[in-house]
Amino acid sequence: MFSRNFYEILHIIGIALMFVAIGGVAVHAANGGTKAESRTRKLVSIGHGVGALLVLVGGFGMLARIGMQHGAGFPAWLWVKIAIWAVLSAIVLMPYRMPSLARPFFWLLPMLAGVAVYMAVYKPIN
Ligand code: HEM
């Protein structure tokens, strides 16, 4: 049985992987790079996918350790985190489709991470 802290480490490694991948794509696209030209497509998509999975495994592992019962409804702060996870999962290739978004993404997505952490630390809504 793994500890809550172990799951938190998985959670953070997953977040780091997702952001490295999203940042790489955003910078490549902002410099005029396209998906077809990228020589790191596979690396970035595997890194982003493994990252998304680790965020889930770590997050739900921690939930079990902090006493969330099976079948209990999720609190609102958790739904906000799940929504942020879904956005971070879906958004990785977006800078190629809309290169004008690449620069704003560079600043906005880390703010979204801030919201996710705020939800976990303060649990302002239940
Ligand atoms: C499906 C998505 C997610 C789930 C199920 C989830 C779940 C959790 C849970 C249960 C905790 C521990 C709360 C506690 O101990 O009271 C936590 C902590 C944390 N989450 Fe998430 N989370 C998700 C997505 C995210 C995302 C997308 C980020 C950032 C981009 C994030 C960042 C963090 C951080 C940094 C902590 C540590 C806070 C602390 O220990 O003080 N989470 N998460």
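Two residues are in contact if their C-beta atoms, placed from the backbone, lie within 7 Å. Keep that in mind for the tour. What you have open is a predicted model, in which local features need pLDDT of at least 70, side-chain atom pairs count only at pLDDT 80 or more, and totals for chains, interfaces and linings use all residues. Residues are numbered from 1 along each chain as its sequence is written.

**Stop 1: Ile22.** Select Ile22 and skip its neighbours within four places in sequence: Ile22 is then in contact with Leu88, Ile91, Val92 and Leu109.

**Stop 2: the whole chain.** Zoom out and colour by secondary structure. You'll find five helices and zero strands, running α-α-α-α-α from the N terminus on. Helices here (H or I, at least four residues) and strands (E, at least two) are DSSP runs, numbered from the N terminus. The C-alpha trace spans about 50 × 30 × 20 Å along its principal axes. Of the contacts with a separation of 6 or more, 89% join residues 24 or more positions apart.

**Stop 3: α1.** Which residues of α1 are buried? Among them are Tyr7, His11, Gly14, Met18, Ala21, Ile22 and Val25. Buried means that 20 or more other C-beta atoms, placed from the backbone, lie within 10 Å of a residue's own. An α-helix has 3.6 residues a turn, so residues three or four places apart point the same way. The buried residues of α1 pack against α2, α3, α4 (94–97) and α5. Just after α1, click on Gly32, which takes a positive phi of about 90°.

**Stop 4: the core.** Next, show Met18, Ala21, Ile22, Val25, Ala26 and Val55. In the largest nonpolar core, which has 16 residues, these six touch the most other members. A nonpolar core is a set of buried Ala, Val, Leu, Ile, Met, Phe, Trp, Tyr and Cys residues joined through C-beta atoms within 7 Å. The elements giving two or more residues to this core are α1, α2 and α5, and α1 gives the most, with eight.

How values were computed:
A residue is buried if 20 or more other C-beta atoms lie within 10 Å of its own, exposed if 12 or fewer, and partly exposed in between; C-beta atoms are placed from the backbone.
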